Amino acid sequence: MGLEGSYTSSFMRDFLDKCASYGGCAVVDGGFATELERHGADLNDPLWSAKCLISSPHLVRRVHLDYLDAGANIIITASYQATIQGFEAKGLSREEGKALLRRSVELAREARQVYYDRCTKDSSDFLSDDRYWKRPILVAASVGSYGAYLADGSEYRGDYGDAVTVETLKDFHRERVKILVDSGADLIAFETIPNKLEAQAYAELLDEEEGIHIPAWFSFSCKDESHVVNGDPIQDCAVIADSCSKVVAVGVNCTAPRFIHGLISSIKKATSKAIIVYPNSGETYIAETHQWEKSSGVVEDDFVSYVGKWREAGASVFGGCCRTTPNTIRGISQAIRAKQLQPQ
Ligand SMILES: C[S+](C)CC[C@H](N)C(=O)O
Ligand SMILES: N[C@@H](CCS)C(=O)O
Ligand SMILES: [Zn+2]
């Protein structure tokens, strides 16, 4: 059974309405792999952060909880680079791969439950701690791009070559998307999308597959104020997202903060859906070494002070991507709460 159009179109509006403490905005979490690494995980692996679903699920749960403590009310699962194909390449069976995808969602749901339990715990230790305030929390199941699976930084280039068509991409993503849809997640986060082709593939999958009963967001990785990383105009990509009734938010992630304002303006011209932005630190990823380098002459590791401007430009969901931490999210959370208390 598919989603009713009216349900889909009101999903984000209803959620944002419930985010009263954020004045109708929402706060997504920050860099997930970044935080796993800060806790000592070695992600030098084709599975990148998805490696921790196998080696350290407790750490995955812990990082979700850290972001909830920091004020996030949307947490993104560790499935960004988790694919059945990638797990099989590691020698796991298809069934084991599918179980790990489901586990990524369970871990986020468990963290949410732990957080809620702390909010209601009858103990002054918890009740006097302002990290614990009950608010609506969504679990978004991450779907990284085909380029992420390639594990060579392709999600920052989007150059898949002529042999990769919309059908190739639909075949690549179909089963994982269906598993995540049935895993108990509240929505699907198609993130770090590097080109129009992959957005088209996702939109067709959502429109054509039976049983997609949760909504999705489309979030693109961009190289300047008006283009996604392969050079396609962001506006064309946003038009594709806008045309899909199951898409409830459109935006930008893992992109330098300095491009975000212009990108919001371009997206706004193409859609009236909610706009989500969760930039990275502005550094550049070196795929060979799995290291990040400062972009020359640009210092933008603290973008929290721009969030008010991004909100005025039309975005309503804010967070961070690679190289951001719970501190970034705490800053965003405080900035939004402070702003909404100011008289209009
Ligand atoms: C968003 S990038 C930093 C993820 C990692 C990349 N797909 C890789 O495997 O190198
Ligand atoms: N949700 C992923 C996105 C990588 S671009 C992460 O934060 O690790
Ligand atoms: Zn990122």
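Predicted model: local features only at pLDDT ≥ 70, side-chain atom pairs only at ≥ 80, totals over all residues.
View 1. At Ala148 the backbone is involved instead: one of its polar atoms is 3.4 Å from a nitrogen atom of ligand 1. On its own, ligand 1 has 330 Å² of accessible area, and the protein covers 99% of it.

**View 2. The residues around ligand 1.** Besides Ala148, Glu155 and Tyr285, you will find Trp48, Tyr80, Gln81, Ala151, Tyr156, His290 and Trp292 around the ligand.

**View 3. The largest nonpolar core.** This core has 117 residues, and those touching the most other members are Ile74, Phe190, Trp217, Phe218 and Phe220. Helix H6, residues 94-120, gives the most to this core, with nine residues. Look elsewhere for a second, separate core of seven residues, among them Tyr146, Val164, Val166 and Ala201.

**View 4. A close look at Phe218.** Leaving aside residues up to four places away in sequence, Phe218 touches several residues, including Phe190, Ile193, Tyr202 and Leu206. Other contacts of Phe218 include Ala241, Val247, Ala249, Val250 and Gly251.

**View 5. Strands S5 and S6 side by side.** Strand S5 (residues 216-220) runs parallel to S6, and five bridges join the two. Follow Trp217 across to S6 and you reach its bridge partner, Ala249. Strand S6 spans residues 247-253 and is mostly covered, with seven of its seven residues buried.

Key:
Residues numbered from 1 in each chain as written. Chains lettered and ligands numbered in written order. Heavy atoms only, no water. Core = buried A, V, L, I, M, F, W, Y, C linked by side-chain atoms within 4.5 Å. Buried < 20%, exposed > 50% of the residue type's maximum accessible area, 1.4 Å probe, protein only. Helix = DSSP H or I, 4+ residues; strand = E, 2+ residues; numbered from the N terminus. Contact = heavy atoms within 4.5 Å. Near = heavy atom within 4 Å. Polar contact = N/O pair within 3.5 Å; in protein donor to acceptor, adjacent residues only side chain to side chain. Areas by Shrake-Rupley, 256 points an atom, 1.4 Å probe, with all protein chains shown as cover. Pairing = 2+ DSSP bridges.
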